[in-house]
Amino acid sequence: MQLDALLVVLTGRLVVTGEVPEDLRDRPVLLASNHIGNADPLVLLAACRKQRLAPRFVATGGLFDTPVLGQVLRACGHIRADRGKSSAAHALDRVVEALRDSPRPVVVYPEGRISLEPGLWPERGKTGVARMALASGAVVIPVSQWGAHEAMCYGMVRVTGLRDVWVLFFSWLQALRRRPVLQVHFGEPVDLSGLSAGRVGDAARARDRIMRSITANLAPLRADEPEEPRLADPTRPVSGKRSPWRPAS
């Protein structure tokens, strides 16, 4: 059993619904997911394994600079994205090239960060994922997940010492006792017909369709928590901006 799968099994109960159609297995695919916590990449990876998928993640450049971990990420074909730097735009080209070179799907987070929306609904999102899809012709599968935020607290923006690591580790130990349900749903491909990479405004339109699909599939997963997460995380900062995709009460 892979290490990530073992950690997920120890942490909670993984429930995977939906599927990636067989006829898309040999085509470029972007898995666009909401981002709810530090542990959700591991949960999503375990869910992909149940779908017989070996995805590549678009990860922040700092992880690639970390000893050992950086080598593992490069060896596994994950894709570097340097946030806030002039090279950030190159990430789009890297993803488009990766999609054309290999049928392995690429996991992307349209929000670009763990959601700081008050109720942990998806934030507005950026147009990068939409531009990747329009430029490559990749099919976008919306992935909605809920429960992984209970596996580990938000913590802090940057881990600078052992105390910061302990905060994260202690929250995980608490999750082992609670055994949260870790839900991942693979939705129907997003309809991006009528949109093109070269037309002004189409990237935003594609982004909106992607985010609406993710949110629509998320709502049933958290039907008993429609406003705020049941488990309060005092370490997660809140932006104060409500999600434009949040379902009407």
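## Cysteines

In this predicted model, Cys48 counts as buried because its relative accessibility is 0%, and Cys153, with a relative accessibility of 12%, counts as buried as well, since buried means under 20% relative accessible area. A disulfide is a covalent bond between the sulfur atoms of two cysteines, and the structure holds zero disulfides.

In soluble globular proteins, nonpolar side chains tend to be buried together. Here the largest nonpolar core has 28 residues, and those that touch the most other members are Leu14, Leu31, Val43, Leu44, Ile141, Val184 and Phe186. Two or more residues of this core come from each of the strands β2 (29–33), β6 (139–146) and β7 (181–186), and likewise from each of the helices α2 (40–50) and α8 (202–221), with α2 giving the most, namely five residues. Apart from this core lies another one of 25 residues, which includes Ile79, Leu99, Ala133 and Ala206.

Leu31 can be followed in detail: leaving aside residues up to four places away in sequence, Leu31 touches Val20, Cys48, Leu53, Pro55, Pro105, Val106, Val107, Val108, Ile141 and Val143. Cys48, named above as buried, is thus one of the contacts of Leu31.

## The second largest pocket

The second largest pocket has a volume of about 420 Å³, and 26 residues line it, with Cys153, Leu231, Ala232, Asp233 and Pro234 lying nearest its centre. By kind, the residues of this lining divide into 15 nonpolar, six polar and five charged. Cys153, although it belongs to the lining of this pocket, counts as buried at 12% relative accessibility.

Notes: Residues numbered from 1 in each chain as written. Predicted model: local features only at pLDDT ≥ 70, side-chain atom pairs only at ≥ 80, totals over all residues. Heavy atoms only, no water. 1 Å grid on protein atoms, 1.4 Å probe; cavity = no way out; pocket = protein on both sides within 12 Å on 5 of 7 lines; lining within 4 Å. Points joined across faces, edges and corners; volume = space filled by probe spheres on them. Nonpolar A, V, L, I, M, F, W, Y, C, P; charged D, E, K, R; others polar. Disulfide = S-S within 2.5 Å. Buried < 20%, exposed > 50% of the residue type's maximum accessible area, 1.4 Å probe, protein only. Core = buried A, V, L, I, M, F, W, Y, C linked by side-chain atoms within 4.5 Å. Helix = DSSP H or I, 4+ residues; strand = E, 2+ residues; numbered from the N terminus. Contact = heavy atoms within 4.5 Å.
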